[in-house]
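Hi,

Here's the structure I said I'd pass along.

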Amino acid sequence: MQFSNYDTGDFFDEMFGEDGAPRAAARPLARNIESLADGELLALQKAADSAVVQMGITFNVYGEGAGMEKTLPFDLVPRIVAASEWDRIERGLKQRIHALNLFIDDVYHSRKIVKDGIVPEHVIASSKGFRQQCVGLKPPRGIWCHITGTDLVRHRDGQIYVLEDNLRCPSGVSYVLENRHLMKSLFPKVFAASKIRPVSNYPIRLRDMLEFLAPDGITSPRVVLLTPGVFNSAYFEHSFLAQQMGVELVVGSDLVVSDGFVWMRTTQGFERVDVIYRRIDDDFIDPEAFREDSMLGVPGLMAVYKAGNVALANAPGTGVADDKVVYAYVPRIVKYYTGQEAILPNVPTYICDEEKDLQYVLEHLPELVIKAANESGGYGMLIGPHSTREQCADFAERIKDNPRNYIGQPTLALSRVPTLVGDHLEGRHVDLRPYILYGKEIFVMPGGLTRVALKKGSLVVNSSQGGGSKDTWVLADQPITESEDAPPRPLPAQVQTQAMTS
Amino acid sequence: MLSRVADSIYWMSRYVERAENVARFVDVNLHLMLDAPDGADQQWEPLVNTTGDHAEFEKLHGKPTQHNVIKFLTFDRENPNSMISCLRAARENARSVREIISSEMWLQLNKFYLMVNDAANQGIDSPHDFYSEVKLSSHLFNGITDATMTHGEPWHFCRLGRKLERADKTSRILDVKYFILLRSVADVGSPLDDVQWAAVLRSASAFEMYRKRHGRISPKGIVQFLLLDPEFPRAIRFCLNSARDSLHALSGTPLGTFRTNAEKLLGQLCSDLAYAHVDDILNGGLHEYLDNLQDSMNLVGTGIIDMFFAKRVPAPGKLRPMEKTQ
């Protein structure tokens, strides 16, 4: 298969440089793909597709009744990130998460950042993710967001920008692990030739981090993963992570609060639970503290948490910083708490709540992306250049009605990666979501979920709106050490065989 | 382990076994019909009777024919005990405990379901090949379970479910023959009768093992073998013995004693079978004996649900914070 007809277009291509030659980091892969006979790549893709179905790597789509399980389309051409570039991303993410944790803690305690005039009081108070119940809360080990999945994008200018922080319950990491698993079996030779940093130890890191949060004095803490249940769109991931970590997967009705502790119902009676990795939104975790009508949570959980007898990850209330208006302040937040400039820039953001920005946004709607402050998953947004005049006018009204709820950003020309379309490769737009764990130290998974907009020209990568995923290869400039990957194998003992009889 | 998880594993395992036995029921009847003399009326009604779903069947299909019985038992999504419904339920249960079972088990069960689902949508060319493949898929699932899952609590729940289900279904396979016999008393002892009994053995994959044990085909030998044999893995006694072993492994109650109703009932059943004589059973009526047996096994099932899966609430002040059983 040849790349001769591949057109990088007017975009930054992750695989090919402006001269049309593969970037240094992508050369072994490009060579491998070029060495494949016609149709071979397509055959590999088909093998991958059927493996995904058989392994049951699925997500649920709400409101589709029977047959509602879908697989996330997987494209087998990976995105490659050079070692030096990753180094900068990693430093930038660590800095950002560190600062955001200090910010959230400040929000729920003394609010120095408001008093010092950096972030306006009303922005915090009106953030949908703000939880009054968390004021004065001291989460275990002083950490609020233990698991973060920051969305990064690259613009035509080659610069990497932070698009969203996702500080609540980011999903998708299971696809990273399963995609890698698939790729290793499809391209063993390329793995041998490239120094690709492994991601497979993420579940171990995750469990270590969760155990670190356990109440003092517990030597072997019991960790559980709390899921809304088998009908949740991310159920596969919950189950997968519980299995990979070796912890119990529980639903709300498996847990019960009694005598100031959380217990789970087992075949042998009740057992105490010390740490809960909860994949249920704040509003639903405890009907006594949050929404009364929640059937998913555990009544009384929040009281046990506040008393320090159980740890929750992430802490409730972190969503305050997921508000897209708060997002606009993050570079200033980083500067305020760390004294340094943010290593990873934000996408330039116009805050409609501010008179000057509002004016600009309303005048430039057809060239901007407009986002509702509290929506996610690609919902509630307007992509100006792809919208009709009526849609723009409709959004202008919505913005004028409630300026606090909207931000505007320039339409980014997301970078592209070659993607198999039919029997040939075409560029498709991608973003990247690395996962960050905050426990004893901050750990950034080398790689992450590369989401790809499979529709030609589309900029929306969300799985609910026609997105797919790719493996992400972060290259090492050093050879992968043995401790980082699988241990070396000892020599096998002699094999015994059946005695011959005549 | 979590009560909810134990519940799901137990039923996952039962449903896979149930689906396999549907294949056995249908396969045995297909063979019987092939061997029947010309014009012998096609007997498909007994099959519906033995599965215990005749009321449901009549409501949906009316008069039993080969076509609608096979459809009802195999591909009818409205029938909760059809093969496809069982596999769907098994897979849903497995999906809710994917982190407990091995990935290999999930993979096999998922493939199994997809295979039957495809057949349901596209139809089957050769019934025999299809039912053989179903049996094979189930064997593969059980083999994978035994070879890839730690033989701890979850595995014992698997085995408990599988063995209780199998005991129940073997008793029903024996019953199929009973219903057919009723209609052709004249054939007793004839070559045709031998053929029919051999088909019963084949449907329990028991033909060769029976030959090694008893040689000649005789109704008495077959009842002895499928009901009372302590070593043949589809024999009812064998199944109930290993179900009992798993139940006691789970509860920690020493064998030969009991603390719960389930342990008491299952122990009594095993003892009964150990001291039963085949002549007494046949004299008292095989069908009546099997009927009682099925009722008792249902009570054991209810006892197990009560013992492990029922949802309880802790009494305040009774729990000690440091109490852990791991």
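In chain A, A:Ile351 sits opposite A:Ile407 of strand E17(A). Before going on, the ground rules: this is a predicted model, so to speak of local features pLDDT must be at least 70, side-chain atom pairs count only at pLDDT 80 or more, and totals for chains, interfaces and linings use all residues. Residues are numbered from 1 along each chain as its sequence is written, while chains are lettered from A and ligands numbered from 1 in the order in which they are written.

Helices (H or I, at least four residues) and strands (E, at least two) are DSSP runs, numbered from the N terminus. Strands pair if DSSP finds at least two bridges between them. On that basis, strand E14 (350–351) of chain A pairs with E17(A) in the antiparallel sense over two bridges. E17(A) is also joined by five bridges to strand E15 (368–372) of chain A, again antiparallel, and there A:Ile370 stands opposite A:Gly408. E17 itself (406–410) is mostly covered, with four of its five residues buried; buried is 20 or more other C-beta atoms within 10 Å of a residue's own, C-beta atoms being placed from the backbone.

**Where the chains meet**

How many residues of chain A are in contact with chain B? The count is 24, against 26 residues of chain B, where contact is C-beta atoms, placed from the backbone, within 7 Å. Elements giving two or more residues to chain A's side include helix H2 (40–55), helix H9 (235–245) and strand E10 (261–266). E10(A) gives the most, with five residues.

H2(A) has 16 residues and reaches 22 Å from first C-alpha to last, close to the 22 Å expected at 1.5 Å a residue (1.5 Å times one less than the number of residues). Just after H2(A), A:Gly56 takes a positive phi of about 70 degrees.

Chain B has 15 helices and zero strands, and 46% of its 326 residues count as buried. Leaving aside neighbours within four places in sequence, B:Met83 is in contact with residues including B:Ala19, B:Leu73 and B:Val134.

Cheers

Key. Two residues are in contact if their C-beta atoms, placed from the backbone, lie within 7 Å. A residue is buried if 20 or more other C-beta atoms lie within 10 Å of its own, exposed if 12 or fewer, and partly exposed in between; C-beta atoms are placed from the backbone.
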